[in-house]
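Take a look at the sequence and the model below.

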There are 2 protein chains.
Amino acid sequence: MMKEYSIGQMSRRTGVKVTTIRYYEGRGLIPSPARTTGGQRRYDEAALERLAFLRHARELCFGLGDIADLMALAEAPSEDCAPAHKIARKQLAAVDRRLTILAQLREELARMANADDPGQARECRVIEVLGDHRLCIGAHDLPDGSLDLSGG
Amino acid sequence: MMKEYSIGQMSRRTGVKVTTIRYYEGRGLIPSPARTTGGQRRYDEAALERLAFLRHARELCFGLGDIADLMALAEAPSEDCAPAHKIARKQLAAVDRRLTILAQLREELARMANADDPGQARECRVIEVLGDHRLCIGAHDLPDGSLDLSGG
DNA sequence: ATACGATCTACAGCGACTGTAGGTTCAAGG
DNA sequence: CCTTGAACCTACAGTCGCTGTAGATCGTAT
């Protein structure tokens, strides 16, 4: 027998809110699931995986459009891989930038969170770390709109 | 003589759009700058640093509220450091989770972007990597709303 | 059979921008 | 000086990605 999940079970298993799951369905990011005779949604294992993917990708600030691209990429037939590679490269650049900054921020936050003497907060360098332009590998000098600050 | 910047120069130097800078001012995230007699904004070096910080923090998905907290933390007098530590710890947890997932995703994207044989795309594991729940250190089992999916 | 929590649709509201309209200012060139 | 055009101003409507509510229905445990 194939396992089936209600929308609430999907929500509990992935951490995505019920209303958000329905929203994703409306946006076409997850396929419309089967329904009971009474009209309630019933999901299978594949839908669960797709939703888990969506959740993690969103947590990493990927927009719904980019996520749709990534999903298409993962399911792409082997024929036209050039566009898939282009998407991968684009996402890779964004990921690398975030990784660099996040690693620095992590270090600084850890120092602050674990400092033996709480009184040291006055030496906090969080602002400097996040404000340091040397971390931005040319991103600022690109034409208008090259940096998508609208986030998710 | 102290250097002064117009809002457009601020925008070019930080990559934050002019309209967004005004929006941040309206939200109180950056102080209202001095004005020319004609009413145009003139910023100093400190404002530039603050805005650069804001930009980087936003790129890392921190909400404006959290950013305000971080800024206050960085400027906090040494007296009440306990709340500052709490904020730092909370942000640290979020940063660590993102770092873990991002690192895995980076590896997978790099493999896809650089694969010698583009035909290998069919073996793409991006979905599995991002869908892997073992990466979620207990985050899913926490009470409702423990994961802030609303992003920025 | 009933109760009550989970689900349904539809829609309004929020956070963080983004873009436009319609007007004003500034600085460089004539 | 005066002009001219880019940059700036305010105010406000629109977008994206949710989030919450209202009011009705479903489904399952007792």
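This is a predicted model: local features need pLDDT of at least 70, side-chain atom pairs count only at pLDDT 80 or more; totals for chains, interfaces and linings use all residues.

Residues are numbered from 1 along each chain as its sequence is written, chains are lettered from A and ligands numbered from 1 in the order written, and side-chain values use heavy atoms, with hydrogens and water left out.

Start with DNA strand D. It is surrounded by 22 residues, counted as near if one of their heavy atoms lies within 4 Å of the strand. Among the closest are A:Arg58 and B:Gly8.

Now the phosphate oxygens. A polar side-chain atom of A:Arg58 lies 2.7 Å from one. A polar backbone atom of B:Gly8 is 2.8 Å from a phosphate oxygen of DNA strand D. For a polar side-chain atom of B:Arg35, the distance to a phosphate oxygen is 3.2 Å.

Turn to chain A. The axes (lines fitted to C-alpha atoms, for helices over the stretch in contact; angles run from 0 to 180 degrees between N-to-C directions) of helix H3 (residues 45-59) and helix H4 (residues 64-75) come within 10 Å and cross at roughly 135 degrees. Helices here are DSSP runs (H or I, at least four residues), numbered from the N terminus.

How values were computed: A polar contact is a pair of N or O atoms within 3.5 Å; within protein, one must be able to donate a hydrogen and the other to accept it, and residues adjacent in sequence count only if both atoms are side-chain atoms. Helices (H or I, at least four residues) and strands (E, at least two) are DSSP runs, numbered from the N terminus.
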